[in-house]
Amino acid sequence: MAAFNISSATIYRTSSSSSSSSSLSLSSKLSVLPMRCAPPRPYRSRFSKILAFTSNDIKVGSSIEVDGAPWKVLEFLHVKPGKGAAFVRTKMRNYVTGNTVEKTFRAGCSIDEADVYKETKQYTYKDGAQFVFMDLSTFEEIRLNESDVGERTKWLKEGMDCNVLFWNGKIIDFELPITVKLTVVDVDPGVKGDTAQGGSKPATLDTGAVVNVPLFVNIGDEILVDTRTGEYRSRA
């Protein structure tokens, strides 16, 4: 007969040679130790940066860091020449300066990703030469100069949600919604029988922008405009 001590419990096992049955007796008082579970570690701390970012991972919209500055990839092309090493040709825009350049990377070479992140802010009003955006959860305001906004001001309307981009804790850019709803304030009147296929005419919108619209559009109509191209999409 063998005995195994587990805290205050003792297990007695009867040898099979003396009897085919077995008995298990535990003391009436068991010591139960509390189980401590370590909190789960964040996913990124365990698996981040296992795979490095290389030129083979470049795609349109990628944010990379070159010569200490953040760049956004606008175009890319993987090239495999008959002779020589493969490479990736890119067209990039500097987030800070707005300059656009073409740059070639050797295929498979390591590239630093730019730590660019976005936060949604609402455009609230213009204060002199500055555009004021507000975080609706904290009511904190940030300001962009006219030079930062550029021609995109013609699509900005109070109450519009935009993405503000940060890099190293600094504001570097902002993004408009892809589609915005604006009101026609001036346009030649439509003619009965005009259709969407019957031509177009210039219309002035409530932000000051001028876009070509179908002939049936009239003053007071709300329309959807693509901010990337400045083209009319449809009635709202």
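The model is predicted. Now widen the view to the two strands. Strand 8, residues 116-127, pairs with strand 9 in the antiparallel sense, over five bridges.

Five strands make up an open sheet, ordered 10-9-8-11-12, with antiparallel pairing. Strand 10 and strand 12 (170-175) are the edge strands, each pairing on one side only. On average, neighbouring strands of this sheet are turned by 45° against each other, direction ignored.

Return to F133, this time for its side chain. In soluble globular proteins, nonpolar side chains tend to be buried together. F133 belongs to the largest nonpolar core, which has 27 residues. F133 is among the residues with the most contacts inside this core, along with W155, L156, F174, L205, V213 and I223. Several elements give two or more residues to the core: strand 9 (130-134), strand 10 (141-145), strand 11 (161-167), strand 13 (179-187), strand 14 (200-205), strand 15 (210-214) and strand 16 (222-226). Strand 13 provides the largest share, four residues.

What does L205 touch, leaving aside its neighbours within four places in sequence? L205 is in contact with W155, L182, T183, V184, V185, V211, I223 and V225. Of these partners, W155 and I223 are also listed among the core residues with the most contacts.

One more core remains. This second core is separate and has 11 residues, including F53, I64, M92 and I111.

Terms used: Residues are numbered from 1 along each chain as its sequence is written. This is a predicted model: local features need pLDDT of at least 70, side-chain atom pairs count only at pLDDT 80 or more; totals for chains, interfaces and linings use all residues. Side-chain values use heavy atoms; hydrogens and water are left out. A nonpolar core is a set of buried Ala, Val, Leu, Ile, Met, Phe, Trp, Tyr and Cys residues joined through side-chain atoms within 4.5 Å. Buried means under 20% relative accessible area, exposed over 50%, partly exposed in between (1.4 Å probe, protein chains only). Contact means heavy atoms within 4.5 Å. Two strands pair if DSSP finds at least two bridges between them. Axes are lines fitted to C-alpha atoms, for helices over the stretch in contact, and angles run from 0 to 180 degrees between N-to-C directions.
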